[in-house]
Amino acid sequence: MPNIDALSPFWIIVGLLQAVLLLLVAPLMSGISRQIRARMQSRRGPGIFQDYRDLVKLICRQEMSPANAGIIFRITPLILIGTMLLVAMILPIMTLNSAMSMVGDLIVIIYLFALFRFFFSLSGIDSGSPFAGLGASRELMLGILVEPILILGLIVIALIAGSTNISFMGIKFVTQWGGATPTAAMLAMIACAFAVFIEMGKIPFDYAEAEQELQEGPLSEYSGIGFALIKLSISLKQVIFASLFIAVFIPFSPANFLLAILCYLVKLIVVFVLASIFENCLCRGRFLLTSNVTWAGFGVSVLAYVFYLTGL
C-alpha cells in the first residue's frame, strides 16, 4: 500500500467503505448467532436474514413517541448509529493501518463507546417510562462493571506496544507477542475477550434479542424507524467490539483490498460462532449476581497489569 496521508480523500473513502461494510454485515452476524442458538436448543429458529426483514418492517411502520419524551429520546437513535459508524471508520479492518490513524486512538474509541452507553441509558430515562428507566439504570450498572475490564486490558497492550494507536497496538502485539512481557499480554487478551463477550450482549449478562427484558428496557418505548436504527446500532456495536478484538489481537490482513475484506469476514464469523457456542453452553442468571462474575474478569486484567510492571 502506498504511504498516503491518513486524512487524504483516499483514506476517508476507505473509512466510509469500512463503515458501510460493517453496517451491512451487522444484521447477518446477529442472524447467524440466533441460528446457532436455535440449533443448539433443537429448534429450527428464524433464518439468518431475519434481521434484515425485521428492519425493513420497522422502517415501514409509523414512528410514535411517548407524550413525556424529550429531545434526548428523539435524537438518541441518530447519535447511537452515528457513534458506531464513526468507530467503524477508525478501526483498521481493510488494512493493517487505520484508515483514519490520526484519530484512531484507544482513548477516542473508549470515549465513543461511553457516549453510546450514556445516550442509550439517558433515552430510557427521558422517555418517562418507569420500566425504561429501570432498564437504563441496569445498563449503566453493567457499564460500570465491564468497562474497567476492557479499558485496563487494552491499556496493558498499549503499554507493551508503547502507543495508544489501535493499528500500532495490533501490529506490535502480533510481531513481538507481548515483547518482554508475554504473560501480561496473554492475560490482557483473555480479559479483553471476556469484556468483548459481555459487550456483545451474550448470556448470562444480556439477551440481545429480548427487548422486553430489563436490560433492554430503554427500547420499550421506541417504534418505527427509531426502533430500527437502535436495533441496527446495537447489532453494529456487537460487530464493532468483535472487530476491535480482531484489530488488536489477530490483525493479519493481505495487501489486496478484496482479500483483506474476505479475510476479515472469515475472522468475524469465527469470532461470532465461537462466542455463540460458548454462550449457549451457559445458563441465564440473576442480574444482581453479575458482579460476582465480572470481578473475575477485572482480576485477570489487574493481574495482567501487575505482570507488566514486574516484567513477566
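Ser 121 has its place in helix H4, and in this predicted model that serine is a handy way in.

**Ser 121 and its surroundings**

- Ser 121 counts as buried because its relative accessibility is 1%, and the cut-off for buried is under 20%.
- Skip the neighbours within four places in sequence, and Ser 121 is in contact with Ala 136, Glu 139 and Leu 140.

**The nonpolar core**

- The largest nonpolar core has 81 residues, and the members that touch the most others are Ile 166, Met 169, Ile 240 and Leu 268.
- The element that gives the most to this core is helix H8, spanning residues 224-249, with 16 residues.
- Take Met 169 as an example: once neighbours within four places in sequence are set aside, its contacts are Leu 106, Leu 154, Ile 157, Ala 158, Ala 161, Ser 163, Thr 164 and Val 248.

**Helix H7**

- H7 covers residues 182-199, which is 18 residues, and goes 26 Å from first C-alpha to last, close to the 26 Å expected at 1.5 Å a residue.
- Its buried residues include several alanines, namely Ala 184, Ala 185, Ala 188, Ala 191 and Ala 195.
- Also buried in H7 are Leu 187, Met 189, Cys 192, Val 196, Phe 197, Ile 198 and Glu 199.
- As a reminder, an α-helix has 3.6 residues a turn, so residues three or four places apart point the same way.
- After H7 comes Gly 201, with a positive phi near 75 degrees.

**Salt bridges**

- The structure holds eight salt bridges.
- One of them pairs the side chains of Arg 34 and Asp 51, at 2.6 Å from N to O.
- That pair links distant parts of the chain, with Arg 34 in helix H1 (residues 9-40) and Asp 51 in helix H2 (residues 50-60), 17 residues apart.
- Both Arg 34 and Asp 51 are buried.
- Over in another part of the chain, Glu 147 and Arg 117 meet through their side chains in a salt bridge of 2.9 Å, N to O.
- Glu 147 sits in helix H5 (residues 130-161) and Arg 117 in helix H4 (residues 106-126), so the pair links distant parts of the chain, 30 residues apart.
- Which of these two partners is buried, and which is partly exposed? Arg 117 is buried, at 5% relative accessibility, whereas Glu 147 is partly exposed at 25%.

**Cysteines**

- How many disulfides does a search of the whole structure find? The search finds zero.
- Cys 60 is exposed, with a relative accessible area of 63%.

**Two more residues to look at**

- Ser 42 lies in the loop between H1 and H2.
- Its phi is positive, about 60 degrees, although Ser 42 is not a glycine.
- For context, most residues other than glycine have a negative phi.
- Ser 42 is exposed because its relative accessible area is 72%, and exposed means over 50%.
- Val 306 has its place in helix H10, residues 290-310, and is partly exposed with a relative accessible area of 36%.
- Val 306 and Val 156 are 150 residues apart in sequence, yet 9.5 Å apart in space from C-alpha to C-alpha.

- Mean pLDDT for the protein is 83, with 87% of residues reaching 70 or more.
- Residues 1-5 stay under 50, and the model has nine contacts beyond four places in sequence for them.
- Where pLDDT is low, the predicted coordinates should not be read in detail.

Technical notes
Residues are numbered from 1 along each chain as its sequence is written. This is a predicted model: local features need pLDDT of at least 70, side-chain atom pairs count only at pLDDT 80 or more; totals for chains, interfaces and linings use all residues. Side-chain values use heavy atoms; hydrogens and water are left out. A nonpolar core is a set of buried Ala, Val, Leu, Ile, Met, Phe, Trp, Tyr and Cys residues joined through side-chain atoms within 4.5 Å. Buried means under 20% relative accessible area, exposed over 50%, partly exposed in between (1.4 Å probe, protein chains only). Helices (H or I, at least four residues) and strands (E, at least two) are DSSP runs, numbered from the N terminus. Contact means heavy atoms within 4.5 Å. The expected span of a helix is 1.5 Å times one less than its number of residues. A disulfide is a pair of cysteine sulfur atoms within 2.5 Å. pLDDT is the predictor's confidence in each residue, from 0 to 100. A salt bridge is a side-chain nitrogen of Lys or Arg within 4 Å of a carboxyl oxygen of Asp or Glu.
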